[in-house]
Structures are given as structure tokens and as C-alpha cells.
Amino acid sequence: QFFRSFFYASIATFIALAISYPLAYAIAFKSGKWKNIFLVLVVAPFFVSFLLRTIAWTQILGEQGLVVRILRGMHLISPNAHLTASSFAVVAGITYNFLPFMTLPLYASLERIDPRTLEASGDLYANSFTTFRKVTVPLSMPGVVAGTLLTFIPAAGDYVNAAILGNPTTKMIGNVIDSRFFRIVDYPTAAALSFTLMAAILFLVVIYIRRSG
């Protein structure tokens with residue numbers, strides 16, 4: 001379960017970064033007068049319970065849901081394939097629930113970039129892609145580090161998404177700890193697993209921060 005938890009959390013963090021960076025970039029540099037509205041839309045999911053948002057994904061990915069019908073219509077999945085009670089559903093739920101934790105730090109980091117720095121890059125004959133790669137991305141790295149940490153750390157210990165969207169083979173370490181605490185009532189083992197999870201996450205975070213500078 002430890003490996004599965006870190007694997008799901010890593011995949012969800014990577015997907016969240018791939019979605020959030022273009023979104024945060026568009027809000028910071030391209031949204032104009034609509035910036036505040038887009039920021040409200042980013043945090044709007046927090047107005048709904050975490051549990052309800054997760055349960056909603058059982059309908060979105062259900063047999064009669066739009067996602068399954070589109071994928072079957074495009075012949076990307078077989079007629080007998082199911083998206084619910086799968087690893088895909090667990091990762092999708094984690095990614096969606098923690099997406100604002102990735103978007104907001106990225107937006108804050110991008111928004112602080114001085115536009116004159118980007119203009120100077122253009123004056124030095126850099127095209128838009130080179131400016132993005134050599135100026136924008138390095139200056140936004142504090143937001144990337146903060147966003148990935150804020151997403152990965154809670155995702156690694158999450159158990160709600162796996163309990164609602166997964167199956168017995170997709171359980172994460174959080175589900176084991178929950179079961180030990182409230183069903184088996186094995187407090188010593190549950191406490192040991194909790195401490196081990198915390199220590200493992202702390203170890204990975206220290207390595208990641210040192211590597212990222």
C-alpha cells in the first residue's frame with residue numbers, strides 16, 4: 001500500500017501540474033479583466049464538501065456518465081470496460097480534489113514575474129517559446145515546488161478517494177490506517193503505520209527540496 005499510495009499521489013501530482021500550469025499562466029497573463037472571475041472558479045470547488053465532490057465522480061465516471069459514453073463512442077475503451085472502481089477513477093478523483101492546491105501557488109508565482117523581464121527577453125531576440133523556457137519557467141519554479149508539495153503530501157495519505165472510487169485492489173495506506181483504527185481497533189499498528197507514512201513523506205520532501213534548490 002505504501003508504494004501504491006506514493007505512485008497514485010505522484011501520478012495525480014504530475015497530471016495536476018500539467019493541467020494547472022497552463023491554467024495559471026492563462027489567468028496570470030492572458031485573462032485581463034476576467035482574472036478575478038477565473039480565480040473564483042478555481043476555488044469554487046472548496047464551497048462543496050470534499051466528500052460530495054468525490055461521490056460526484058462516481059456519477060461522472062459511471063456507466064451512464066458522459067465520459068464513458070464519449071470514450072466508447074470513440075472506441076477508446078471496450079463496451080464492457082468500466083471506469084469506476086478502478087485505479088483510473090482513484091487518480092482522477094485525487095487530481096480533481098487537489099487541483100486548486102497546485103493552481104493557486106503557480107498563479108501566485110507567475111503573477112509576481114515582472115512583465116519587463118519578458119519584454120527584455122524579446123528585445124534580446126528570444127522568441128516566445130525560448131522566453132517561456134528560459135525565463136518564465138525558471139522564475140516560476142518556487143510555485144511549482146510549493147504546488148507539488150501541497151498536492152503530493154495530502155494525496156499520499158488520502159483514503160477517501162480510494163474508498164469511494166476504488167476497489168479492494170486499489171486501497172491506499174490511508175485506507176489501511178483507517179481500518180486499523182476504526183474497524184480492527186489495533187491502535188499500536190495504526191499508530192506505527194501513521195508514523196511510518198509521515199516519516200516516508202518527510203524523507204521524500206527533504207530530498208525533493210534539496211534537489212530543487
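Visitor: Which residues form the nonpolar patch on the surface?
Guide: In this predicted model, the patch is made of Val40, Phe46, Phe47, Val48, Leu51, Leu52, Ile55, Phe101 and Leu150. Together they have about 830 Å² of accessible area.

Visitor: Which helix gives the most to the patch?
Guide: Helix α3, residues 50–60, with three residues.

Visitor: Take Leu52. Buried or exposed?
Guide: Leu52, in helix α3, counts as exposed because its relative accessibility is 53%, and the cut-off for exposed is over 50%.

Visitor: Now the inside. How many residues are in the largest nonpolar core?
Guide: That core has 29 residues, and Val90 and Ile94 have the most contacts inside it.

Visitor: Which helices supply at least two residues each?
Guide: α1 (2–29), α5 (87–111), α8 (141–156), α9 (160–165), α10 (173–182) and α11 (187–212). Of these, α5 gives the most, with six residues.

Visitor: What does Val90 touch?
Guide: Leaving out residues up to four places away in sequence, Val90 is in contact with Tyr8, Asn161, Ala162, Leu165, Gly166, Thr170 and Met172.

Visitor: Why does Ser5 count as buried?
Guide: Because its relative accessibility is 0%, and buried means under 20%.

Visitor: Which residues does Ser5 touch?
Guide: With residues up to four places away in sequence not counted, Ser5 touches Ala156, Met172 and Ile173. Met172 is also one of the contacts of Val90.

Methods:
Residues are numbered from 1 along each chain as its sequence is written. This is a predicted model: local features need pLDDT of at least 70, side-chain atom pairs count only at pLDDT 80 or more; totals for chains, interfaces and linings use all residues. Side-chain values use heavy atoms; hydrogens and water are left out. A nonpolar core is a set of buried Ala, Val, Leu, Ile, Met, Phe, Trp, Tyr and Cys residues joined through side-chain atoms within 4.5 Å. Buried means under 20% relative accessible area, exposed over 50%, partly exposed in between (1.4 Å probe, protein chains only). Helices (H or I, at least four residues) and strands (E, at least two) are DSSP runs, numbered from the N terminus. Contact means heavy atoms within 4.5 Å. Patches are made of residues with over 30% relative accessible area and no salt bridge: like charges are joined within 9 Å, nonpolar side chains (Val, Leu, Ile, Met, Phe, Trp, Tyr) within 5 Å. Accessible areas come from the Shrake-Rupley method with a 1.4 Å probe; for residues, only the protein chains shown count as cover. A salt bridge is a side-chain nitrogen of Lys or Arg within 4 Å of a carboxyl oxygen of Asp or Glu.
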